[in-house]
Amino acid sequence: MAVRPRTRLHVDTPLAAGQSAPLSGDQAHYLRGVLRQAPGDRLLAFNEAGGEWLGEISALSKSGGIITLLEQTRPPVAVPDVWLLFAPLKGGRTEYVVEKATELGVARLCPVLTRRGDVPRVNLDRLRANAVEAAEQCERLSVPVVDPLAELSAVLAGWPANPLTRDRTLFVAAETGAAQPLATAVTAATASGRPAAFLVGPEGGLHPGELDQLAKTPFVVPVGLGPRILRADTAAFAVLALWQALAGDWTAAPGQDARPPFR
């Protein structure tokens, strides 16, 4: 049996046998300078539409390169339709949230500005690069969409009119007040067939005005995360993990595309 290459690269071009896929300068530098690869070496190329393909490096230089696609190793699979809205965090933890949420199978990442949030801007290109790198490492076949930073109030106001969100339930990690247990709420939403999004506030918590607005919003469901106080990033991972276990792709038996669970 042929050894499966460990190197995986996300490419934006269509994937088909015999076709060529160009490499960016950054990808070429990674292959040449970091991995010490050269023409003739093999790797895996993937994207959401084409699945994963075995490829061979046919050209490699400082400015770019070319991969020739040989055969498909994994077909495309449906992406679990779960979103994460989160307030950016200090000290590199925003990048950490993007990385781990990608590993947990999130389809879309939406950084939001909240009144008590203390990180007023994000490097969108860097966050998208984090998502690509995490997808390459965790062997998923897609890269989550990373939206530009937006005001939470604006996101909520535009929710009913947006075709991507108007039928989507927004679960809010509740800090105070009445809330359903997370597992109960997710199970009920799964039965209704509505797609899900989760909102996790900043370290200082959501402002009372934001909590009041959320409480009056019909598509919002407050959910409780247990008796302990969680850091914002821990809360994000907790809601995604439980959703995947109850309603996402953790519920499926391993198939031919299954991969070792740890790295």
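Student: Which residue just after α2 takes a positive phi?

Tutor: This is a predicted model, and the angles discussed here are computed from it. Helix α2 spans residues 93–103. Just after α2, a phi of about 90° is found at G105.

Student: Where does E139 lie, and what is its phi?

Tutor: E139 is found in the loop between α3 and β8 (145–146). E139 is not a glycine, yet its phi is positive, at about 70°.

Student: What does UniProt list for residues 23–68, and how far apart are the end C-alpha atoms of that span?

Tutor: An unreviewed UniProt entry lists these residues as "domain: Ribosomal RNA small subunit methyltransferase E PUA-like". In the model the span is 22% helix and 46% strand. Its end C-alpha atoms are separated by 11 Å.

Student: Which strand does β3 join, and how many bridges hold the two?

Tutor: Strand β3 covers residues 42–47 and runs antiparallel to β4. The two form a hairpin with three residues between them, and N47 has G51 in β4 as its bridge partner. The partner strand is β4, and the number of bridges is six.

Student: How many residues of β4 are buried?

Tutor: Strand β4 runs through residues 51–60, 10 residues in total, and is mostly covered. The number of buried residues is seven.

Student: Which element gives the most to the largest nonpolar core?

Tutor: The largest nonpolar core has 36 residues, and L84, L109, F171, F198, V200 and L240 touch the most other members. Elements that give two or more residues include β6 (82–86), α3 (124–138), β10 (169–173) and β12 (196–200). The most, seven residues, comes from α7.

Student: How many residues are in the other core, which lies apart?

Tutor: Its members include L85, V112, W159 and L199. The count is 16 residues.

Student: Which residues of α2 are buried, and what covers them?

Tutor: The buried residues are R93, T94, V97, V98, A101 and T102. Their cover includes β6, β7 (108–113), α3 and α7.

Student: How many aromatic pairs are there, and why is the pair of W159 and F219 stacked?

Tutor: The count is three aromatic pairs. The ring centres of W159 and F219 are 5.2 Å apart with planes at 10°, and planes under 30 degrees apart count as stacked. W159 is in the loop between α4 (152–158) and β10, and F219 is in the loop between α6 (208–215) and β13, so the pair ties together parts 60 residues apart in sequence. Both W159 and F219 are buried, and the plane angle that makes their pair stacked is 10°.

Student: What is the plane angle between the rings of F171 and F198, and are these residues buried or exposed?

Tutor: The centres of the two rings lie 5.2 Å apart and the planes are at 25°, so the pair is stacked. F171 in strand β10 and F198 in strand β12 are 27 residues apart. Contacts of F171 include A185, A189, L199 and V223. With a relative accessible area of 2% for F171 and 1% for F198, F171 is buried and F198 is buried.

Student: Why is C110 in no disulfide, and how many disulfides does the whole structure have?

Tutor: A disulfide is a covalent bond between the sulfur atoms of two cysteines. The closest cysteine sulfur to that of C110 is in C138, 18 Å away, which is too far for a bond. C110 is buried at 9% relative accessible area, whereas C138 is partly exposed at 24%. The number of disulfides found in the whole structure is zero.

Technical notes: Residues are numbered from 1 along each chain as its sequence is written. This is a predicted model: local features need pLDDT of at least 70, side-chain atom pairs count only at pLDDT 80 or more; totals for chains, interfaces and linings use all residues. Side-chain values use heavy atoms; hydrogens and water are left out. UniProt positions are given in the numbering used here, feature names are shortened, and annotations may be inferred rather than shown by experiment. Helices (H or I, at least four residues) and strands (E, at least two) are DSSP runs, numbered from the N terminus. Buried means under 20% relative accessible area, exposed over 50%, partly exposed in between (1.4 Å probe, protein chains only). Two strands pair if DSSP finds at least two bridges between them. A nonpolar core is a set of buried Ala, Val, Leu, Ile, Met, Phe, Trp, Tyr and Cys residues joined through side-chain atoms within 4.5 Å. Contact means heavy atoms within 4.5 Å. A disulfide is a pair of cysteine sulfur atoms within 2.5 Å. Rings of Phe, Tyr and Trp (its six-membered ring) pair if their centres lie within 6.5 Å; planes under 30 degrees apart count as stacked, over 60 as edge-to-face and the rest as tilted. Lists of a residue's contacts leave out its neighbours within four places in sequence.
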